[in-house]
Amino acid sequence: MNRLETNVLFDIYGQLLTKRQREICSLYYEEDFSYSEIAEELSISRAAVQDSLKKSLAQLQKYENVIHYIEKRKKIIELLEQLNDDKIKETIINLL
């Protein structure tokens with residue numbers, strides 16, 4: 001899974017992670033901190049950062065495997081492409 005896909009998963013399911021997992025993921029995926037920078041910022045080991053990110057990503061993937069939000073969203077957008085009413089299209093896309 002690439003970083004963009006992981007960012008999407010974090011945006012969608014991030015609130016389901018623990019506070020600490022969210023904090024570490026936010027620093028890594030949103031703020032682009034390195035493992036070492038996160039470890040220093042949070043006063044934890046670099047290994048703890050790696051472990052937390054690995055577990056968090058596994059949890060995010062698990063949520064997507066059950067809920068299929070990203071897959072459903074893609075299908076909805078494909079269907080919207082066929083719609084001729086731009087105002088309705090925009091409204092639905094904003095809801096997604």
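**View 1. Asp32, an exposed residue in a predicted model.** Asp32 is exposed, with a relative accessible area of 56%; the cut-off for this class is over 50%. The structure shown here and in the other views is a predicted model.

**View 2. The salt bridge between Arg3 and Asp32.** The side chains of Arg3 and Asp32 form a salt bridge, with N to O at 3.1 Å. The two partners come from distant parts of the chain, 29 residues apart: Arg3 belongs to helix α1, and Asp32 to the loop between α2 and α3. Arg3 is partly exposed, at a relative accessible area of 34%, whereas Asp32 is exposed. Four salt bridges are counted in the model.

**View 3. Helix α2 and its buried residues.** Helix α2 covers residues 19–30. Its 12 residues should span 16 Å at 1.5 Å a residue, and the end C-alpha atoms lie 15 Å apart, which agrees. Buried in this helix are Gln21, Ile24, Cys25, Ser26, Leu27, Tyr28 and Tyr29. These buried residues pack against α1 (3–13), α3 (35–42) and α4 (46–67).

**View 4. The crossing of helices α1 and α2.** Two packed helices are described by the angle between their axes and the distance between the axes. For α1 and α2, the axes come within 11 Å and cross at roughly 140°. The crossing is left-handed. On the α1 side the contact is made by Arg3, Thr6, Asn7, Phe10 and Asp11. On the α2 side it involves Arg22, Cys25, Ser26, Tyr28, Tyr29 and Glu30. By type, the residues of this contact divide into four nonpolar, three polar and four charged.

View 5. Arg20 forms a salt bridge with Glu23, and their closest N and O atoms are 3.2 Å apart. Both residues lie in helix α2, three residues apart, which is about one turn of the helix. An α-helix has 3.6 residues a turn, so residues three or four places apart point the same way. Arg20 counts as partly exposed at 38% relative accessibility, and Glu23 as partly exposed at 34%.

View 6. Lys55 and Asp51 meet through their side chains in a salt bridge, with N to O at 3.2 Å. The two residues are separated by about one helical turn, because they are four residues apart in helix α4. Asp51 is partly exposed, with a relative accessible area of 37%.

Methods:
Residues are numbered from 1 along each chain as its sequence is written. This is a predicted model: local features need pLDDT of at least 70, side-chain atom pairs count only at pLDDT 80 or more; totals for chains, interfaces and linings use all residues. Side-chain values use heavy atoms; hydrogens and water are left out. The expected span of a helix is 1.5 Å times one less than its number of residues. Buried means under 20% relative accessible area, exposed over 50%, partly exposed in between (1.4 Å probe, protein chains only). Contact means heavy atoms within 4.5 Å. Axes are lines fitted to C-alpha atoms, for helices over the stretch in contact, and angles run from 0 to 180 degrees between N-to-C directions. A crossing is left-handed if the near helix is turned anticlockwise from the far one by less than a right angle, and right-handed if clockwise. Ala, Val, Leu, Ile, Met, Phe, Trp, Tyr, Cys and Pro count as nonpolar, Asp, Glu, Lys and Arg as charged, and the others, Gly among them, as polar.
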